[in-house]
Amino acid sequence: MIDRIFLSHPRTVGESYWEHFRVAGSFGTAMVGGGIKAMIHAVLPNAYETAGSDTIRRLHTIMVEKRGAKRDATMEMLSVEWVI
């Protein structure tokens, strides 16, 4: 039960619980900040004109690069020829 609730998902993305806590927390904080700026932009159209889309673009880039780096590291690890 504890494994399913706390450890299963972080393991699927190659992170420990605390690594996942840090990454997910930073993403959440960035999304809240971008959302607040987008709400301010709704009231004051000249303020934070690109903050919402900039936040989405930045977080997407981080996520895609992280996945790519993990995929590349896994492929490299699997393709290493061991010489005895």
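**View 1. A nonpolar surface patch is made by Val-32, Ile-36, Ile-40, Val-43, Leu-44 and Tyr-48.** The patch has an area of about 560 Å². Patches are made of residues with over 30% relative accessible area and no salt bridge, with nonpolar side chains (Val, Leu, Ile, Met, Phe, Trp, Tyr) joined within 5 Å and like charges within 9 Å. Accessible areas come from the Shrake-Rupley method with a 1.4 Å probe, and for residues only the protein chains shown count as cover. The model is predicted: local features need pLDDT of at least 70 and side-chain atom pairs count only at pLDDT 80 or more, whereas totals for chains, interfaces and linings use all residues. Residues are numbered from 1 along each chain as its sequence is written, and side-chain values use heavy atoms, with hydrogens and water left out.

View 2. Ile-40 is found in helix 2 and is partly exposed, with a relative accessible area of 32%. Buried means under 20% relative accessible area, exposed means over 50%, and partly exposed lies in between (1.4 Å probe, protein chains only). Tyr-48 sits in the loop between helix 2 and helix 3. Its relative accessible area is 42%, so Tyr-48 is partly exposed. Tyr-48 is not a glycine, yet it has a positive phi of about 50°.

**View 3. The protein has 3 helices and 0 strands.** Along the sequence the pattern is α-α-α. Helices (H or I, at least four residues) and strands (E, at least two) are DSSP runs, numbered from the N terminus. Of the 84 residues in the protein, 13% are buried.

**View 4. The largest pocket has a volume of about 260 Å³.** Rolling a probe the size of a water molecule over the atoms shows where empty space is left. On a 1 Å grid over the protein atoms alone, a pocket is an open set of points where a 1.4 Å probe fits, with protein on both sides within 12 Å along at least five of seven lines; lining residues have an atom within 4 Å of a point. Grid points are joined across faces, edges and corners, and the volume is the space filled by probe spheres set on the points. Helix 1 (2-12), helix 2 (17-43) and helix 3 (51-79) each supply at least two lining residues. Among the lining residues are His-9, His-20, Phe-27, Met-63 and Arg-67. The lining divides into 5 nonpolar, 3 polar and 4 charged residues. Here Ala, Val, Leu, Ile, Met, Phe, Trp, Tyr, Cys and Pro count as nonpolar, Asp, Glu, Lys and Arg as charged, and the others, Gly among them, as polar.

**View 5. The structure holds 2 salt bridges.** A salt bridge is a side-chain nitrogen of Lys or Arg within 4 Å of a carboxyl oxygen of Asp or Glu. One joins Arg-11 to Asp-3, with the closest N and O atoms 2.8 Å apart. Asp-3 is partly exposed, at a relative accessible area of 37%. Another joins Asp-54 to Arg-57, where the closest N and O atoms are 3.1 Å apart. Asp-54 and Arg-57 both belong to helix 3 and lie 3 residues apart, about one turn of the helix.

**View 6. Pro-10 and His-20 are 5.8 Å apart in space, C-alpha to C-alpha.** In sequence, 10 residues separate the positions of Pro-10 and His-20. Pro-10 lies in helix 1 and is buried, with a relative accessible area of 6%.
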